[in-house]
Amino acid sequence: MRLIQYLDRNLLRVAVVDNLDTVRPITVEGGTYALARIAIETSQSLVNVIEARLEDTRIDYQQLIDEKRLLPPLTHPDPAHCLVTGTGLTHLGSADTRSAMHAKTQASEEELTDSMRMFKLGVEGGKPTPGETGTQPEWFYKGDGDCVVAPEAEIQVPVFAEDAGEEPELAGLYVIGDDGQPWRVGYAIGNEFSDHVTERFNYLWLAHSKLRACSFGPELLISELPGHLEGTSRIVRGGETLWEKPFLTGEANMAHSLANLEYHHFKYSGFRRPGDVHVHFFGTATLSFADGIQTQDGDRFDITLPEFGRPLRNPLRFKADSSAIEVKPL
């Protein structure tokens with residue numbers, strides 16, 4: 001089962017995806033977040049909560065896209081209570097790209113780079129047996145819900161950015177119960193989006209490179225996640241494909257298990273605040289930046305995973321505002 005959120009006369013609505021052509025609305029106020037809260041509070045499965053509220057009406061899916069009424073498939077009523085984070089170097093093969101980015105700054109290329117050390121730790125201990133604690137991954141913070149861009153909407157590139165590169169990956173979507181228990185609502189296609197030039201200059205600027213917009217959706221998969229997933233990441237410029245490459249994800253293609261990544265995020269009590277939403281990106285192994293692509297204003301990212309229905313698409317918009325930021329004393 002897959003869900004979308006959309007606007008209906010400025011009201012937040014949630015619907016089940018029938019197919020690529022139609023969706024069926026769900027009778028609930030508050031969208032996917034409200035459905036998850038009902039499921040948690042009544043100890044029901046999310047599927048049961050949805051099926052009890054499913055309407056017979058069919059809505060044209062393409063019309064929602066054309067009218068730019070799609071929203072991220074999970075949102076919090078207060079964006080400050082949605083935390084967006086992620087992990088890197090989690091996928092088999094992903095270390096090669098990252099290490100190549102950083103190799104020129106290493107004192108000796110015969111020694112392992114920090115990226116390769118981190119990747120090696122993940123390969124050796126990222127999939128612990130049940131009851132054991134695995135190696136913690138690289139972790140980063142992207143922002144709160146205000147950094148999330150809806151599917152089909154423009155990703156804004158700040159004037160100080162050195163690069164604007166896609167990162168196609170899975171995102172886990174979560175709601176925290178009133179007792180502090182994290183609940184996974186499901187998964188979505190994600191474009192984590194980063195500034196790879198800033199990151200390449202010095203690995204200690206990784207945190208800066210991640211403080212950018214991102215997008216996920218349009219559909220939220222609430223069924224079991226396949227272990228092996230094959231998708232396509234594409235950049236379209238002027239109606240023509242500029243760059244295209246397949247990517248692999250799912251646990252079969254990862255150095256870490258999803259359970260290990262989730263544990264090392266939610267082990268911090270600050271990430272178990274009742275009522276919060278979490279969007280957690282699981283990492284990628286495919287970047288156009290590694291192939292020398294430099295994006296431009298108006299380029300469009302298309303990320304497709306067949307198991308997730310419609311592709312995640314976002315055009316780029318480079319901001320021209322260069323007004324100075326000044327801190328004033330009180």
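**A buried threonine and its surroundings**

Modeller: T286 counts as buried, because its relative accessibility is 8%; buried means under 20% relative accessible area, exposed over 50% and partly exposed in between, with a 1.4 Å probe and protein chains only. The model is predicted: local features need pLDDT of at least 70, side-chain atom pairs count only at pLDDT 80 or more, and totals for chains, interfaces and linings use all residues. Residues are numbered from 1 along each chain as its sequence is written, and side-chain values use heavy atoms, with hydrogens and water left out.

T286 sits in the loop between β16 and β17. Strands (E, at least two residues) and helices (H or I, at least four) are DSSP runs, numbered from the N terminus. Apart from neighbours within four places in sequence, T286 is in contact with E166, P168, W243, K245, P246 and F247; contact means heavy atoms within 4.5 Å. E166 is 120 residues away from T286 along the chain, yet their C-alpha atoms are 9.0 Å apart.

The strand β15 spans 240-249. It belongs to an open sheet of five strands with mixed pairing, in the order β9-β18-β17-β14-β15. Two strands pair if DSSP finds at least two bridges between them. β15 and β9 (155-157) are the edges, each with a single partner strand, so one side of each has no neighbour in the sheet. On average, neighbouring strands here are turned by 20° against each other, direction ignored. The axes are lines fitted to C-alpha atoms, for helices over the stretch in contact, and angles run from 0 to 180 degrees between N-to-C directions.

β17 (residues 300-304) runs antiparallel to β18 (residues 312-318), and four bridges join them.

The nonpolar cores come next. Such a core is a set of buried Ala, Val, Leu, Ile, Met, Phe, Trp, Tyr and Cys residues joined through side-chain atoms within 4.5 Å. The largest has 30 residues, and I26, L35, I50, V84, L173 and V279 touch the most other members. Elements that each supply at least two of its residues include β10 (168-176) and β16 (277-281). The largest share, five residues, comes from α1. A second, separate core of 20 residues includes F247, along with Y174, L225 and F282. F247 is also among the contacts of T286.
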